[in-house]
Amino acid sequence: MDPDLFKKLQAEGLISDNAAQKVKALEEHRLFSLHWELRTILYLGIILLSGGLGVLVYKNIDTIGHQVILIFIALVCAGSFYYCFRNKPPFSRLQVPAPNSFFDYILLLGCLTFITFIGYLQFEYAFFGEAYGLATFIPMIVLFFSAYYFDHLGILSLAITNLAAWAGIAVTPLTILRENNFDHERLIYTGLALGVLLVLMGLTSERRNFKRHFEFTFTNFGVHILFVSGLAGLFVHAHIYGLWFSLLLGLAYFFYRLAIKRSSFYFLLIITLYTYIALSYVVVRILWVLVDKSGDATPIYLGLLYFIFSGVGLIRLLMYWNKKIKAHDSLQ
Amino acid sequence: MIAYNSTSLDNRIIEEQTAEALATHCITKEEHTQIGAAYPVPFYTPNIFIRIGLFILTVIIAVFTLGLLALLTSAGSNSFGVLFIFSGLVCYGILEAMVHSKRHFQSGVDDALLLMAGILVLSGISIAVDHLPMLTLFLLIFTVALYSTLRFADQLMALLAYAALLAILFKAMTSLGGLANTLLPFLIMAVSIAVYFLAAALSSNSKLRHYHVCTTVVIKAACLLSFYLAGNYFVVREAGVALLNLPLQPGQSLPMGWLFWILTIATPLFYIFQGIRKKDVIFLWVGLGLIAAAVLTIRNYYHVLPMEWALVLGGALLIAVSYVLIKHLRVPRHGFTGEVTDDRHLLQSLPIESLVIAESFTTPPTPSNDFRFGGGSGGGGGAGGQY
């Protein structure tokens with residue numbers, strides 16, 4: 001803020017003397033924050049160190065032995081969680097700020113080493129045998145617990161990713177998994193179910209006011225998984241694409257309502273782009289059939305015109321939404 | 001020269017500043033609305049996500065319109081160039097119209113149109129003219145980018161103009177050959193310094209205030225970067241071998257190699273020092289980034305340590321440094337802090353503020369009505385919905 005500008009505004013009688021003084025005092029005591037610089041260096045250091053240690057261990061695996069490494073990882077993990085339990089702020093349904101600047105990193109370290117530990121056990125010793133589901137289920141539980149108990153958005157994202165992995169593995173029969181032949185149908189329906197679950201989790205955390213700030217992360221994952229699954233369904237099920245297109249339109253409507261309610265420009269953009277992909281796919285498909293039938297180039301022109309006019313239409317729509325949400329904003 | 005209304009641009013700055021003052025509880029909501037009425041900003045600048053959407057859609061429209069035109073005119077490859085130039089000029093015309101009548105300003109539509117106009121005109125020329133010399137192409141890019149920067153104060157175009165300027169220098173000097181090749185790094189360094197000081201001088205000229213971001217952020221960072229790259233041992237040596245056919249064997253050192261080694265290592269340190277001394281974010285960030293470049297350059301020629309040990313030691317060093325500094329700067333020192341300076345709470349978080357304010361007021365300040373106790377994160381309400 002430029003104190004001279006506020007002095008001028010004060011002279012014009014637009015702001016009080018008090019306000020101009022406040023701006024001046026604030027500018028005089030403004031601090032130069034090195035927060036993100038220091039965090040970036042710390043993060044970079046952690047990446048370099050862990051990468052270097054990884055290579056060291058890899059080169060010396062014959063002399064170190066797997067058990068020693070496993071014990072080391074377990075110790076790091078246990079130590080991190082011990083620290084977190086000792087220093088954690090009391091649990092609350094609301095957002096809890098971290099007690100100090102290192103807490104979040106140490107919790108992240110604990111969670112990551114836990115995943116590594118389970119993965120290592122399974123890879124080297126096939127600890128869970130062929131129960132691959134269990135090998136992802138356990139870390140998922142731990143991650144969700146940590147995210148809620150210690151209030152960490154990053155770990156919540158990890159947990160949701162793990163949930164998706166677990167759901168994907170759990171629904172895929174072992175024989176198919178072994179043959180590396182992924183069943184599209186099954187994965188699409190799993191994706192839809194998972195998306196619905198995540199959106200519901202988001203809505204619940206909002207309604208029940210239980211970790212309300214997790215809502216965005218849940219809904220964000222949910223939106224993307226739902227739309228990607230829906231689009232996959234649209235592309236794969238060529239014969240009943242009308243049905244899948246209607247499903248996508250339904251999704252778009254639902255999230256449109258949500259976006260307007262939350263005044264979220266981000267969700268408006270996401271649903272517009274996904275729905276536009278779906279609509280363009282359907283239009284191009286229909287035109288393609290027409291080309292096959294008629295054999296002349298008219299549908300190609302129609303296709304080009306479609307993109308031009310739909311683009312103009314969507315621009316108008318986005319501008320209208322921008323105005324609508326902004327007008328809504330000023331009411332608050 | 002600038003396409004936008006000068007008063008509107010000034011009002012936009014006022015709007016930004018008063019919004020900050022409102023967020024830090026320096027002024028009241030009523031004052032903010034009052035200022036908004038006195039200094040209106042008539043620009044159409046939508047939310048950033050809407051801007052992204054408008055950008056994508058504008059590019060789609062432009063590309064498919066071009067496709068339609070190409071089909072309709074059944075253009076052969078000869079007339080493609082003309083078609084591209086024509087479409088580029090049409091894009092530019094629409095852009096001017098949008099800026100003038102619809103008052104678009106950083107709306108996504110204007111960003112996309114400017115970019116499309118530049119790409120179409122330049123690629124049209126290089127298609128239409130056979131064997132266009134590189135130097136001419138760079139000159140054209142420079143002209144177009146410089147014009148766009150001056151007309152629309154566009155940051156991307158400013159960066160492009162600077163890059164094109166360096167490319168022109170490079171091309172012109174290398175075509176001279178001989179001594180010019182040897183002097184090339186020094187010339188680029190000299191130009192970087194010259195442009196840096198020119199930008200600094202221009203940024204303090206109040207007539208050019210609308211280009212403030214271009215000169216103080218984009219050009220400044222680009223100058224710092226190009227100065228370093230022109231003096232970096234790796235860049236000078238490998239570019240010399242690859243582009244100028246410098247007769248160097250692998251492992252053979254560059255003439256005056258010591259000078260470039262000094263520049264490689266000292267420049268980032270100087271940038272960081274300068275960044276700390278002047279509290280300058282641009283110097284600091286460029287310097288920090290270039291430390292990595294310096295380390296990689298050294299490792300490329302001298303394998304002092306095996307890779308993994310270098311990683312372990314480097315990582316441990318970085319962690320130690322940041323740990324110590326974070327601990328040290330928990331309390332603000334010398335005007336620095338390791339914590340986030342959330343301006344929304346700055347006024348409340350610094351006890352010194354209240355002292356200063358209390359001292360300078362004859363009557364004790366009464367808390368404004370919208371001041372909420374315990375609402376440490378109360379100001380964040382607006383951000384919640386704007387993802």
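Biologist: Which residues line the largest cavity?

Modeller: Keep in mind that this is a predicted model. Searching the whole structure turns up one cavity of 30 Å³ or more, and the largest cavity has a volume of about 30 Å³. Its lining is made up of Pro89(A), Pro90(A), Phe91(A), Ser92(A), Val96(A), Tyr149(A), Phe150(A) and Asp151(A).

Biologist: Thanks! How many residues of that lining are nonpolar?

Modeller: Let's sort the lining by class. One residue of the lining of the largest cavity is charged and one is polar. The nonpolar residues there number six.

Biologist: Now to the two chains: what share of the area buried between chain A and chain B comes from carbon and sulfur atoms?

Modeller: Start with the contacts: 71 residues of chain A touch 81 residues of chain B. Between the two chains, about 6800 Å² is buried. In chain A, the residues losing the most area to chain B are Leu14(A), Leu31(A) and Phe32(A), together 11% of what that side buries. As for carbon and sulfur atoms, their share of the area buried between the chains is 75%.

Biologist: Is the crossing of H7(B) and H9(B) left-handed or right-handed?

Modeller: Helix H7 of chain B spans residues 155-176, and helix H9 of chain B spans residues 212-231. Their axes come within 10 Å and cross at roughly 35 degrees. The crossing of H7(B) and H9(B) is right-handed.

Biologist: And how many charged residues does the contact of H7(B) with H9(B) have?

Modeller: Among the residues making the contact are Leu159(B) and Tyr162(B) of H7(B), and Val218(B) and Ser226(B) of H9(B). By class, the contact of H7(B) with H9(B) has ten nonpolar and two polar residues. The number of charged residues is none: no charged residues.

Terms used. Residues are numbered from 1 along each chain as its sequence is written. Chains are lettered from A and ligands numbered from 1 in the order in which they are written. This is a predicted model: local features need pLDDT of at least 70, side-chain atom pairs count only at pLDDT 80 or more; totals for chains, interfaces and linings use all residues. Side-chain values use heavy atoms; hydrogens and water are left out. Axes are lines fitted to C-alpha atoms, for helices over the stretch in contact, and angles run from 0 to 180 degrees between N-to-C directions. Helices (H or I, at least four residues) and strands (E, at least two) are DSSP runs, numbered from the N terminus. A crossing is left-handed if the near helix is turned anticlockwise from the far one by less than a right angle, and right-handed if clockwise. Contact means heavy atoms within 4.5 Å. Ala, Val, Leu, Ile, Met, Phe, Trp, Tyr, Cys and Pro count as nonpolar, Asp, Glu, Lys and Arg as charged, and the others, Gly among them, as polar. On a 1 Å grid over the protein atoms alone, a cavity is a set of points where a 1.4 Å probe fits but cannot get out, and a pocket is an open set with protein on both sides within 12 Å along at least five of seven lines; lining residues have an atom within 4 Å of a point. Grid points are joined across faces, edges and corners, and a volume is the space filled by probe spheres set on the points. Buried area is the accessible area (1.4 Å probe) that two parts lose on being put together, summed over both.
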